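Dear colleague,

Please find below the structure that I am handing over to you. My notes on it follow directly after.

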2 protein chains.
Amino acid sequence: MPVLNPADDAFLEALSARLPDDTLRPAEPRYLEEPRGRYRVQTGVVALPRSTADVAAIIRAAADARVGIVPYGGGTGLVGGQVAITGRPLILSLERMRAVRAIHAEENVLICEAGATLAEVQAAAEEAERLFPLSLASEGTARIGGILATNAGGVNVLRYGNARDLCLGLEVVMPDGSIWNGLRRLRKDNTGYDLRHLMIGAEGTLGVITAASLRLFPRPAARGAALMAVPDPAAALALLAMAGASVGAGLSAFELIHRQGPEFLREVMPDIRQPFDEPPEWMVLIDLGLGRGQNPAAALEELFAEAFEAGLVTDGVVAQNEAQRAAFWTLREAIPEANRRIGAISSHDISLPLGAVPDFLQRAAPALSEIGDFRINCFGHLGDGNLHYNVFPQHGRNRANHEAERPAIKRCVHDLVHSLGGSVSAEHGIGRLKVEDLERYGDPVKLRAMRAIKAALDPAGIMNPGAVLRA
Amino acid sequence: MPVLNPADDAFLEALSARLPDDTLRPAEPRYLEEPRGRYRVQTGVVALPRSTADVAAIIRAAADARVGIVPYGGGTGLVGGQVAITGRPLILSLERMRAVRAIHAEENVLICEAGATLAEVQAAAEEAERLFPLSLASEGTARIGGILATNAGGVNVLRYGNARDLCLGLEVVMPDGSIWNGLRRLRKDNTGYDLRHLMIGAEGTLGVITAASLRLFPRPAARGAALMAVPDPAAALALLAMAGASVGAGLSAFELIHRQGPEFLREVMPDIRQPFDEPPEWMVLIDLGLGRGQNPAAALEELFAEAFEAGLVTDGVVAQNEAQRAAFWTLREAIPEANRRIGAISSHDISLPLGAVPDFLQRAAPALSEIGDFRINCFGHLGDGNLHYNVFPQHGRNRANHEAERPAIKRCVHDLVHSLGGSVSAEHGIGRLKVEDLERYGDPVKLRAMRAIKAALDPAGIMNPGAVLRA
């Protein structure tokens, strides 16, 4: 890739003259660092366009001047995709472009601009008596553009899929400033290469998503949830299969929670209500959304009885109303916040073939104990084989005490995941944090194809330089 | 693109020496024409490799010699993607590579080679007490490689998605003969550009799919189906929304059938049982798959009562057992065969935003009647906005009488579809038949990106030359 130029005063002045007033301004700190504090720069300039035409003008100018562009969504990404630490690129935030352009409720389609937050899209769908099912802890801040660029996952993937599965079409400003108008509302469209799926998950390295056509769903008429204690992860998997067979397509989430999560909550968020007096070693949170006239609580009680009979569960609580269901989810959703307060030495967003999950869990902890004495909080979306396997210091110590061990910890976890056919980035993406992991674990033929595609679509290498692929 | 060399004797001899015995042979007629007879060549040579390594050797040799490769699946494609009429390329059939390499029933994953037929995969899933839900009329012949290369659709897309949605990973021989091993069993994997989705739907122009990792599902515990007569397409759409709200995720198919279909069946397939004495102007076939203890027939009867009340249906039959359900599907699945026997002047595989379907249907017939006097058989997957809108001669005439009108008919239908935001190829792909349509209706920025990707991954242009993009 050719060397890029910085977004210097001359470039910014010339660009500013071509854009509406106040489109460019010095970047506040929130644009210059990311949640885990691993990537941070001192200064920068952020462009805040109001229209797709503005975005196109910005990118055209950057392409002409060979200046890097770093797309910034809600800033919630956990792999440093939104913060470039070298080269003084221009930061591009679409936060002023958050309109819901159209809702076609009868078609279950919503079209919005990329700056809309996930919560805004969920609310717009709700107002139209529909469901936009993507749900994740940062939904109040994360924006649709970033969510699609990183192919975000979350808790409802089991039933509704990842972000890419919820997108029917895109509007994208390409690396040369041209605009691809692919905002279709179609469920089937086999007219050429699937550029949409290429842009989704490319983390802003192949273009900037400016708007999206999203799938909505009927709201489940009846919802329910249960927490069930399981003897071990293998039992959790058997319970997952049992639930799939008995409640079928109504199963919307199946979350695994290790005891360490509730224990962290007691330590740093004692107000969170916990349903078990003594947290079980492992539990699962099961969520159902059923059709009219069906009874989720009864279905969950029946599932519990059948599973108890089979020795797959030892204890359980079925939500008797929506408030109880919400309380179960509050418990689950508070775990990432508790993790932040405790301070992980190393976090791992991994996925495994479902059948390999028990083997991984059996082998990872002993392997890590050879590196040091840690607490491990494992939780996540077992239904998708996606675990957040995070390593913490023992009580009384902190992550700074373990900085030196971090590379070995990461390597240990990722090597094991890779050897079992898993992925070292299930839902967070590559960003800048995992570029080396991708080079180490990625298929070399795929990597070569990725580099060829990048060079073909972004020959100057201006789009999010250094993310996903080495600049 | 550079000019390709023919697969001449010198090339074939040299290649043959590098491959196991009998890998190459003169192509029988089935490899040289396609179902609708629009593309046909006199002679050719077909390569029948037994392993991915053989495929890689063939493609490497073709790349070195700049000889074109035409991947051939089951030969059931309807857009000429499997027959190259110029340049004497080598035909590549994976019919000897049909092994099911692994079934992970507890993970709902099946890994098979690309030459397995869809029916073979369905049967293997069934044997493991699972469902592979893709279903289409040619399933006994169509092979997984072709199904993925064309992103086939079929009758269960509403619930389970298109072929791409059912694929977790791929093994692909790239245009330089290298092998991408992407046969993952993961539900979530955000490690770089989604090469899988780029290969799916690329119709063999970016590489050859040699194996795939496919998603299985629990078999619905209880199935049901109903035929309901609706006053018009708008009522059918309202009924679709009502069904979504009442039965939720259990809705697996929602097929629209115009009276012309049953009338064609009476004409050329009189043995097919028809449930209504007089076929209604429009009817829908609704299929449900529900969980244990649920009663699909009762759910459908309830839906019928509610819809009748609302004036959305005028008559209906609910299948009381699996044999009746099968009979409904036999009726639906026989329509394409009846169409073949009657002989369409022009067939259109279109999709529309759901809300635009009634408008399209109201406007298309009068527009066509200005070109000539035709019979129109419209049927298809209304739940996906996908219609097969096929134009036939009046009784006593045949398609040969109307050859001159074919381009005008096609243009009339496609212009209207395009103006309504629809697609001129919903599930069949571009092949060679629709290259001009893609150029006419496709977004120019997307087309430019497609050409750049093709040139980047297949610089010699050997992979299925002339399909999708002009060679």
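In these notes, Ala, Val, Leu, Ile, Met, Phe, Trp, Tyr, Cys and Pro count as nonpolar, Asp, Glu, Lys and Arg as charged, and the others, Gly among them, as polar. Please bear in mind that the model is predicted.

With those classes, the lining of the largest cavity comprises six nonpolar, 10 polar and one charged residues. This cavity holds about 120 Å³ of space. Of the 17 residues that line the largest cavity, A:Val247, A:Gly250, B:Val247, B:Gly250 and B:Leu290 lie nearest its centre. Strand S14 of chain A and strand S14 (282–290) of chain B each supply at least two residues of this lining.

The structure holds five cavities of 30 Å³ or more. Among the residues that line the second largest cavity are A:Glu34, A:Arg36, A:Arg38, A:Arg406 and A:Lys410.

I turn next to the sheet in chain A. Seven strands form an open, antiparallel sheet in the order S15-S12-S14-S13-S17-S18-S16. Its edges are strand S15 (315–318) and strand S16 (349–351), each of which pairs on one side only. On average, neighbouring strands of this sheet are turned by 20 degrees against each other, direction ignored. Three bridges join S16(A) to strand S18 (residues 386–393) of chain A in the antiparallel sense, with A:Ile350 opposite A:Leu387 in S18(A).

Two helices of chain A lie across strands of this sheet. Helix H7 (residues 233–247) lies across S12, S13 and S14 of chain A and runs at about 170 degrees to S13(A). Helix H10 (residues 322–342) lies across S12, S13, S14, S15, S17 and S18 of chain A, at about 140 degrees to S17(A).

A further point concerns strand S8 (residues 167–173) of chain A. Seven of its seven residues are buried, so S8(A) is largely enclosed by the rest of the structure. S8(A) runs antiparallel to strand S10 (residues 208–215) of chain A, to which six bridges join it; here A:Val172 has A:Ile209 as its bridge partner. S8(A) also pairs with strand S9 (residues 179–182) of chain A, again in the antiparallel sense, over four bridges, and A:Val173 is partnered by A:Ile179. S8(A) and S9(A) form a hairpin with five residues between them, and A:Gly177 in the turn has a positive phi of about 90 degrees.

With kind regards

Note on methods:
Residues are numbered from 1 along each chain as its sequence is written. Chains are lettered from A and ligands numbered from 1 in the order in which they are written. This is a predicted model: local features need pLDDT of at least 70, side-chain atom pairs count only at pLDDT 80 or more; totals for chains, interfaces and linings use all residues. Side-chain values use heavy atoms; hydrogens and water are left out. Two strands pair if DSSP finds at least two bridges between them. Axes are lines fitted to C-alpha atoms, for helices over the stretch in contact, and angles run from 0 to 180 degrees between N-to-C directions. Contact means heavy atoms within 4.5 Å. Buried means under 20% relative accessible area, exposed over 50%, partly exposed in between (1.4 Å probe, protein chains only). On a 1 Å grid over the protein atoms alone, a cavity is a set of points where a 1.4 Å probe fits but cannot get out, and a pocket is an open set with protein on both sides within 12 Å along at least five of seven lines; lining residues have an atom within 4 Å of a point. Grid points are joined across faces, edges and corners, and a volume is the space filled by probe spheres set on the points.
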